[in-house]
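Colleague: I have the file open and would like a walk through it. Can we start with one of the sheets?

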Amino acid sequence: MNSRNGSSEIGTIATGNAKRPTPYIGRFAPSPTGPLHFGSLLAAVASFLEARQHGGKWLLRVEDIDPPRAEYGASDKIIAALEHFGFEWDGPVSYQSASRDAHEEAIQALVQSGKAYPCGCSRRDLAGAVRGPLGVIYPGTCRTGCEASETALRVLTDDAQPAFQDRLQGRQVQHLESESGDFIVLRRDGLIAYQLAVVVDDYLQGITDVVRGIDLMDSTPRQIWLQQLLGYVTPGYCHIPVAVNRQGQKLSKSHGAREIPFDRPQGRLVTALAMLGQRPPRDLSTATLPDVWAWACENWNIDTLKGETSIAPTPGTLAEAENGLS
Ligand SMILES: [Zn+2]
């Protein structure tokens, strides 16, 4: 059940479902900014069970391309926690920092096709720019050239409105030019921007389906735009509701989410399933971890989350008390 080396066979967990002819490849892609907390556990559970239910693969990718935001030792802690919960990923863990060459190649391709250009604007230069829900809407200052010696690279946007049909949240569309403006693919400090790295890695790993938290949904049109410019196939998207605390804030490290304790993983897994709209039987939390996974694979139904954007714990429950949700 618990694959220590991470190279277990697919399908060791009974799925009870017919396999689709198309190979499904899903992934969980945590950033090592802190240990696994309950919010990221929900995304891991949902993406894992979707992959298994489709008879597909589930890859684990550590998104470690932002060293200033990384916490020392967090990758190992996240991997240990996932193992402890009995997750089985296919193939070795991959590290986003290892595909730097591929990221640079993609950026070069954008530059060569005239789709990316240097931008020397500092935060101060953009202080007066209009802000939208995605942050500063880049006004296009450097589109016609830039004299600065230190530059970022931005990708051109135009009138296109990348759209997608989200499995849970329905049709989503963004007018990039007016809602985000040209966005950064290579930062001024030389680091690869998140949007670019995710798109290249999903492509390299053949990801067919992305299941992740709804907090990332407004990044998806920018990612689709990059996929279109780079000639990549767009995967299916499914954005699950995020766990929030009583104040309605997303459960995250910055809002005090705690590391998940290692005791009673089966009880915590049952709590996670219940929060994901499943109806685990009352006595499941006293079952063994493999039994909980077997129940989950058999009964998983992501459609119970349709249209849901947040999951609040019921006050006074185990979820609130034990998982740092309060
Ligand atoms: Zn600029």
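Colleague: Which residue in strand 10 does Val 155 stand opposite?

Modeller: Val 155 stands opposite Phe 183, which belongs to strand 10. This is a predicted model, by the way.

Colleague: How do strand 7 and strand 10 pair?

Modeller: Strand 7, residues 152-155, pairs with strand 10 in the antiparallel sense, over three bridges. The two are part of an open sheet of three strands with the order 4-7-10 and antiparallel pairing.

Colleague: Which strands stand at the edges?

Modeller: Strand 4 (116-119) and strand 10 (183-186) do. Each has a single partner strand, so one side of each has no neighbour in the sheet. From one strand to the next, the twist averages 45 degrees.

Colleague: Okay, helices. Which residues of helix 2 are buried?

Modeller: Helix 2 covers residues 74-84, and Ala 74, Ile 78, Ala 81 and Leu 82 are buried there. These residues cover an arc of only 100 degrees around the axis, which puts them on the same side of helix 2.

Colleague: Why would residues three or four places apart point the same way?

Modeller: Because an α-helix has 3.6 residues a turn.

Colleague: And what covers the buried residues of helix 2?

Modeller: Helix 1 (38-53) and strand 2 (57-62) are included in that cover. After helix 2 comes Gly 86, with a positive phi near 85 degrees.

Colleague: Which residue other than glycine has a positive phi?

Modeller: Arg 264 has one, with phi near 45 degrees. Most residues other than glycine have a negative phi. Arg 264 sits in the loop between strand 13 (242-243) and helix 7 (265-275).

Colleague: How exposed is Arg 264?

Modeller: Arg 264 has 15 other C-beta atoms within 10 Å.

Colleague: You mentioned helix 7. At what angle do the axes of helix 1 and helix 7 cross?

Modeller: They cross at roughly 75 degrees, and the axes come within 10 Å. That angle makes helix 1 roughly perpendicular to helix 7.

Colleague: Which residues meet there?

Modeller: From helix 1, Leu 41, Leu 42 and Val 45; from helix 7, Ala 272, Leu 273 and Met 275.

Colleague: What do the buried residues of helix 8 pack against?

Modeller: They pack against helix 1 and helix 7. The buried residues of helix 8, which runs over residues 289-299, are Val 292, Trp 293 and Ala 296. Seen down the axis of helix 8, they fall within an arc of 95 degrees, so they line one face of the helix.

Colleague: Back to helix 1. Is Ser 47 buried or exposed?

Modeller: Ser 47, found in helix 1, is buried, with 26 other C-beta atoms within 10 Å.

Colleague: What does Ser 47 touch?

Modeller: Leaving out residues up to four places away in sequence, Ser 47 touches Gly 26, Arg 27, Phe 28, Trp 58, Val 211 and Arg 212. Ser 47 and Arg 27 are 20 residues apart along the chain, and their C-alpha atoms are separated by 6.6 Å.

Colleague: Last topic: what pLDDT does the protein average?

Modeller: The average is 88, and 87% of the residues score at least 70. Over residues 1-20 the pLDDT is below 50, and this stretch has 36 contacts in the model beyond near neighbours in sequence.

Methods
Residues numbered from 1 in each chain as written. Predicted model: local features only at pLDDT ≥ 70, side-chain atom pairs only at ≥ 80, totals over all residues. Buried ≥ 20, exposed ≤ 12 C-beta atoms within 10 Å, placed from the backbone. Helix = DSSP H or I, 4+ residues; strand = E, 2+ residues; numbered from the N terminus. Arc of directions from axis to C-beta. Contact = placed C-beta atoms within 7 Å. Pairing = 2+ DSSP bridges. Axes fitted to C-alpha atoms, helices over the stretch in contact; angles between N-to-C directions. pLDDT = per-residue confidence, 0-100. Parallel < 35°, antiparallel > 145°, perpendicular 65-115°, else oblique.
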